[in-house]
Amino acid sequence: MREQQEKKFGSAEPIVLEIPSGAEYILLGRLVVSCVGQLAGFGPEDVYDLKLAVTEAATNVVRHAEVGSFQIEYRVLPGAVEVTVTDAGGGFDLGELSGKPGEHGGFGLTVIRGLVDDVVVDSTAEGTRLKMVRRSTSATATT
């Protein structure tokens, strides 16, 4: 069975979605991550958390990056899903984020960190890349 799963998912070939930077398009990112979670064998709670994390990440891009479009890349890994949200905006200083709500939000990354197992943020003047990994908590996930 493991060999069939490895063939099915190859070497974690990514699914890449480029979407316009508008709130009305965030649903597309949620729909794809829902399908990717199901491909990974995730249970409903894991899929829900992934959908919420992607929503938060995409919302941050729409609100703050001032770009025409951005990319969401999805990978099915053994027992996990990796999602990377990338924009070519001006970036931001991670040190300035307090995790407290303010006039420009403030909870996005804090919420994401609570929903996924690993978060890596790389933000420069050329843009921001946020990589999230959620490992399955259900027994049916692909291993």
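Which pattern does the protein follow, read along the sequence? The pattern is α-β-α-α-β-β-α-β-β.

**Before you start**

This is a predicted model, where local features need pLDDT of at least 70 and side-chain atom pairs count only at pLDDT 80 or more, while totals for chains, interfaces and linings use all residues. Residues are numbered from 1 along each chain as its sequence is written, and side-chain values use heavy atoms, leaving out hydrogens and water.

**Stop 1: the whole chain**

Show the protein as a cartoon. It has four helices and five strands. These are DSSP runs numbered from the N terminus: helices are H or I with at least four residues, strands are E with at least two. Buried residues make up 41% of the 143 residues; buried means under 20% relative accessible area, exposed over 50%, and partly exposed in between, with a 1.4 Å probe and protein chains only. Contact means heavy atoms within 4.5 Å. Among contacts between residues at least 6 apart in sequence, 68% join residues at least 24 apart.

**Stop 2: confidence**

Colour by pLDDT, the predictor's confidence in each residue, from 0 to 100. The mean for the protein is 87, and 82% of its residues reach 70 or more. Select strand β3, residues 80-87: confidence is highest here, at 98. Now select helix α1, residues 2-9, where confidence is lowest, at a mean of 45. Over residues 1-7, pLDDT stays under 50. The model has three contacts beyond four places in sequence for residues 1-7.

**Stop 3: α3 against α4**

Select helix α3, residues 44-64, and helix α4, residues 108-115. Their axes come within 9 Å and cross at roughly 160°. Axes are lines fitted to C-alpha atoms, for helices over the stretch in contact, and angles run from 0 to 180 degrees between N-to-C directions. α3 and α4 are therefore roughly antiparallel to each other; that term covers angles over 145 degrees. Show side chains next. From α3, the contact is made by D49, L52, A53, E56, A57 and N60. From α4 come G108, L109, V111, I112 and L115.

**Stop 4: V62**

Stay on α3 and pick V62. Is V62 buried, exposed or partly exposed? It counts as partly exposed, because its relative accessibility is 24%. Finally, look at G22. V62 and G22 are 40 residues apart in sequence and 5.9 Å apart in space, C-alpha to C-alpha.

Definitions and conventions: Parallel < 35°, antiparallel > 145°, perpendicular 65-115°, else oblique.
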